[in-house]
Amino acid sequence: MSLVHLSHVCSHLSNASKARLGLTSVPSTNMILTLSLALQQSGFLSSVTRGGLTPPPLDDLSSYVPEPVTQENISTRRLWLGMKYWNNEPVLSKMSMVSKPTKRVWMDVEGLGKLIRGRDAGFVAGLRKPGECLFVSTDRGIMESRECVKRKVGGMLLCRAV
């Protein structure tokens, strides 16, 4: 898994929300797709759509069918993410990495329990802001930290979203 690509996506989504973009695209990889779906499930994104270099039509985004992936067009595959806003403010205001490519941070269930209760675990600050989420890469996929504690599974801390 490449944390470099994930850090680019985190900064891209933070900048897209500050720029008030309605739709933005990121490279299509399995890790970025599962993180995007976790962000959508947590309420930070309005839509996640696979597509090509041109954006899908906004009026029928839910019924959009992208062209099939072939060897010739696999490098042009993009994920089109719909940004979400509430009362003219972006829902996703900041997204930052916890694990870095040079230092990966692993946490067990007890440490994740401390983090979701707002206490520090190691050098990782707890979740103190309302609506703040921490995403964890586990052997069962990318999940939010509260779901990891509920399912009693630990993993590598990826990023936090506010």
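How many residues of domain 1 are in contact with how many residues of domain 2? In this predicted model, 11 residues of domain 1 are in contact with 13 residues of domain 2, and the legends below describe that interface in parts.

**View 1. The two domains of the chain, domain 1 (3-89) and domain 2 (98-161).** The chain is divided into these two domains, whose centres, taken over C-alpha atoms, are separated by 23 Å.

**View 2. The area buried between domain 1 and domain 2.** Between them the two domains bury about 920 Å², and 84% of this area lies on carbon and sulfur atoms. On the side of domain 1, the residues that lose the most area to domain 2 are Leu3, Leu35 and Phe44, which together account for 51% of what that side buries.

**View 3. The side of domain 1 that touches domain 2, by element and by residue class.** Helix 1 (3-18) and helix 2 (30-42) are the elements that give two or more residues to this side, and helix 2 supplies the largest share, with six residues. Sorted by class, the side of domain 1 that touches domain 2 has nine nonpolar and two polar residues, while charged residues are absent from it.

Terms used
Residues numbered from 1 in each chain as written. Predicted model: local features only at pLDDT ≥ 70, side-chain atom pairs only at ≥ 80, totals over all residues. Heavy atoms only, no water. Domains from an automatic or database assignment. Contact = heavy atoms within 4.5 Å. Buried area = accessible area lost by both parts, 1.4 Å probe. Helix = DSSP H or I, 4+ residues; strand = E, 2+ residues; numbered from the N terminus. Nonpolar A, V, L, I, M, F, W, Y, C, P; charged D, E, K, R; others polar.
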